[in-house]
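This report describes the chain shown below.

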Amino acid sequence: NNPPEYLPEDWQFGTDGIRGPVEKMNPLFMVKLGYAAGKALYDEGISKILIGKDTRISGYMIESALEAGFISAGLEVVLLGPLPTPAVAYLAKSNQQAGLVISGSHNSYEDNGVKFFNKDGFKISYELEKKIESKLFEEISVSEPIRLGKASRLNDAGGRYIEFCKSSAPGLDLSGLSLIVDCAHGANYSVAPQTFNELGASVITLGVSPDGININNGCGSTHPEALKNEVLKNNADLGIGFDGDGDRLLVIDKNGEILDGDDLLYTLISSRNLNSKNRQSPTGIVGTLMTNK
């Protein structure tokens, strides 16, 4: 069958959800996607979906359209507001419900997208993606009024994630450590600085004034020059740069050297081994096909 007119080109799920120019994420398509996903999730025994987003101006439009689609399919919707992608995955798992992030990740504000999580906090299966795609060809059949979903807002979503982050490293004390934290005017603009502050670090922030269009604009992990300059200027111990939806970062050491994902993986594994009975550094790290080149 030819795709219906409301489906844009390249409307199917890619490696990391559905993403593209905002024109592709038009309201009619988003309502249909919310309805199709709602029906597919309902068949899986899911009754609620948590929706988070980054700080792009188009997030308001996409959030409202998806909300209408999910409610028409009979799902409850919980709005989380701007929140990093890992926080939505965590909250989906802790609530045993589905999660969705509206984000264009490291791209500029002209792009946006959606990414789904299952009740275990992982990306939804290929099979479920295909089921959602097939339901996009169906006409919307609104649930009977008594079965319509409702929407609510989880006001302390950010606070819950901050507490989770702190609990993941019991006893961690960053007192005496000076950090420059660049949040790319994105989803981490509130959560990240507050987390590091509560752990005792002295924090100087960059990219924490989102206006809907300045996300990833000359800042964050995709543009580390400003972060590097601030680290050297302030003689800081570390610089931490996030991307727009807060699911990737790079680190700049006190000498201005940039540490990418491969460096960080090696560092994390090394520190874990050195804190175990087998006090040896690994000779290498093996990643998956999804690891950055």
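How many of the 17 residues of H1 are buried? The count is 12, so H1 is largely enclosed by the rest of the structure. Here buried means under 20% relative accessible area, exposed means over 50%, and partly exposed lies in between (1.4 Å probe, protein chains only).

## Basis of the values

The model is predicted: local features need pLDDT of at least 70, side-chain atom pairs count only at pLDDT 80 or more, and totals for chains, interfaces and linings use all residues. Residues are numbered from 1 along each chain as its sequence is written, and side-chain values use heavy atoms, with hydrogens and water left out.

## Helix H1

H1 covers residues 27-43 and spans 24 Å from its first C-alpha to its last, close to the 24 Å expected at 1.5 Å a residue. The expected span is 1.5 Å times one less than the number of residues. Helices (H or I, at least four residues) and strands (E, at least two) are DSSP runs, numbered from the N terminus.

Among the buried residues of H1 are Phe29, Met30, Leu33, Tyr35 and Leu41, along with Lys32 and Lys39. Their cover includes strands E1 (18-21), E2 (48-53), E4 (98-102) and E5 (111-117), as well as H2 and helix H4 (126-135). Gly45 follows H1 and has a positive phi, near 85°.

## Helices H5 and H6

Val191, Ala192, Pro193, Thr195 and Phe196 are buried in helix H6 (residues 191-198). The buried residues of H6 pack against helix H5 (157-167) and strands E7 (178-182), E8 (202-206) and E9 (238-242).

Arg160 lies in helix H5 and is partly exposed, at 35% relative accessible area. Leaving aside neighbours within four places in sequence, Arg160 is in contact (heavy atoms within 4.5 Å) with Tyr90, Leu91, Asn95 and Leu154.

## Salt bridges

The structure holds 15 salt bridges, each a side-chain nitrogen of Lys or Arg within 4 Å of a carboxyl oxygen of Asp or Glu. One of them joins Asp16 and Lys115 at 3.3 Å, N to O. Asp16 lies in the segment before E1 and Lys115 in strand E5, so this pair ties together parts 99 residues apart in sequence. Lys115 is buried, at 8%, whereas Asp16 is partly exposed, at 27%.

Lys166 and Glu198 form a salt bridge at 2.6 Å, N to O. This pair links helix H5 to helix H6, 32 residues apart. In helix H7, Lys233 and Glu230 lie 3 residues apart, about one turn of the helix. Shared partners join Asp16, Arg19, Lys115, Lys123 and Asp247 into one salt-bridge network.

## Loops with positive phi

Gln96, in the loop between helix H3 (85-95) and E4, has a phi near 55°, positive in a residue other than glycine. Asn235 also has a positive phi, near 55°, and lies in the loop between helix H7 (225-234) and E9. Gln96 is partly exposed, at 38%; Asn235 is exposed, at 58%.
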